[in-house]
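Thank you all for coming. I would like to take you through one model this morning, beginning with a helix and what surrounds it, and then moving out to the rest.

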Amino acid sequence: MSRPDVVVTGLGATTPLGGDVASTWDAMLAGRSGVSALTQEWAEQLPVRIAAQLAVEPSEVLDRVRLRRLDRSEAIAIIAAQQAWADAGLAGSDLDGERLAVSVGSGIGGATTLLAQDDILEASGPRRVSPHTIPMLMPNGPAAWVGLELGAKAGVHSVASACATGAEAIALGLDIIRSGRADVVVAGGTEAVIHPLPIAGFSSMRAMSTRNDDPERASRPWDRGRDGFVLGEGAGIVVLERAEHAAARGARVYARLAGAGITSDAYDIVQPHAEGEGAIRAIAKAIADADVAKRDIVHVNAHATSTPIGDMLEIGGLHKALGDHPVLSATKSMTGHLLGAAGALESIATILAIRDSVVPPTINLDDPDPGLTLDVAAHKARHMEIPAALNNAFGFGGHNVALVFARP
Amino acid sequence: MTRDEITTGLAEILEEVAGVNPDDVAEGKSFTDDLDVDSLSMVEVVVAAEEKFGVKIPDNEVQNLKTVGDAVSYIAAQS
């Protein structure tokens, strides 16, 4: 039996740039920043006082009683999944739940629930701790809620690979459909940890930008003045579907998920491999898996988080694995770094770049690092034909994931 | 406190915790079958009721509180 093609038939997102995919994509193409100052009282004592916060609060979409039992990361996963489901034309459909799977992960999970309930425990005792605490903080919570929402009975899976999570969840979705375990997989990532503890933790690692007085210019991948990533929150979800299944129901197809490559560094728990060896292998595997000519992969949505070391390692890896022809984007310059949702949101940007024949801009690239030897659509979007494109995502723990999307 | 006052207090808790319409809350209504309060929300209702009415409702009593009227009677007897 030949391997089935897998296509993308639905997209959903809620991000620092907009409450849905259309508004997020419009903002990206316009080069808008979603980063702002943290004005909450708790931020005053922190070394980092900027973040990319959601443009639309979950309370504007889901009702109050429902939100009482959802961690923020779960609520936005549900919101993005509902959008993707409707976008795929599956709302109200009679799709067999036993042919529907979910693959939705989070980098950190329900940490803000854990911390808030610990405050209640300390202040008021164990009887006051919410009975919803465990389902709110469990790492499989977002996937399980999405599965409940959509009636998925072919398995709900929760990938956790730090900042590679969203991309790896999509790669798992590809495997599930190829192996015949489901016809449709709702896949992606979610993250909502804008809270003093995660910020303090990342900033103790010296991983975050401290450009507190200039939030919109703080996330500046490949720029000489970059000084770390900017934490973002949001969710991105795609509907993956066996191509024949999509064709049979007359679904609109955005792109083909042509291939995926997953590797691990076995090098260091947080530092990327010094020569980007694992990243190079992931990209090469994705290209080989996709059976797409390298010359057709003309655009890369890079991982590029705005950290001094990581940004340049990726450039070296792309040179080696793909060549010198692709035009790059670092959309984190606008969205900040959505951690476990990053690979999913950036997959959505990659898919829309193919559909609309446009490379989204990389803002704040005012003074390119001399090591930036590949072409970047700096400041402004660039219109060009994109037969195929690559999305990279790397995570603490030495996770490397590359996805190849192509025109249907 | 009168039974009506306790019922009204429970209705406020049920609205806050589980989104139950206060007009639907009456002594004859079952928490699970009529008002759609699931087991985790029932735990929240009990804890909130203890606080509001200054009573103790042990876990082994909760299973006997099938209806709003059961809860009103228990609270009225304790307070």
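The buried residues of α2(B) are covered by elements that include α1 (3-18), α3 (59-62) and α4 (68-78) of chain B, where covering rests on contacts, that is, C-beta atoms placed from the backbone and lying within 7 Å. Helices here are DSSP runs of H or I with at least four residues, strands are runs of E with at least two, and both are numbered from the N terminus. This is a predicted model, in which local features need pLDDT of at least 70 and side-chain atom pairs count only at pLDDT 80 or more, while totals for chains, interfaces and linings use all residues. Residues are numbered from 1 along each chain as its sequence is written, and chains are lettered from A and ligands numbered from 1 in the order in which they are written.

Which residues of α2(B) are buried? They are Ser41(B), Glu44(B), Val45(B), Val46(B), Ala49(B) and Phe53(B), where buried means 20 or more other C-beta atoms within 10 Å of the residue's own, exposed means 12 or fewer, and partly exposed lies in between, with C-beta atoms placed from the backbone. As a reminder, an α-helix has 3.6 residues a turn, so residues three or four places apart point the same way.

Just after α2(B), Gly54(B) takes a positive phi of about 65°.

Ser39(B) lies in α2, which covers residues 39-53 of chain B, and an unreviewed UniProt entry lists Ser39(B) as "modified residue: O-(pantetheine 4'-phosphoryl)serine". Is Ser39(B) buried or exposed? Ser39(B) is exposed, because 10 other C-beta atoms lie within 10 Å. UniProt, again in an unreviewed entry, places "domain: Carrier" at residues 4-79 of chain B; over that stretch the chain is 59% helix and 0% strand, with its end C-alpha atoms 14 Å apart. UniProt positions follow the numbering used here, feature names are shortened, and annotations may be inferred rather than shown by experiment.

Among contacts in chain A between residues at least 6 apart in sequence, 81% join residues at least 24 apart. Finally, the contact between the chains takes six residues from chain A and six residues from chain B.

Note on methods:
Contact = placed C-beta atoms within 7 Å.
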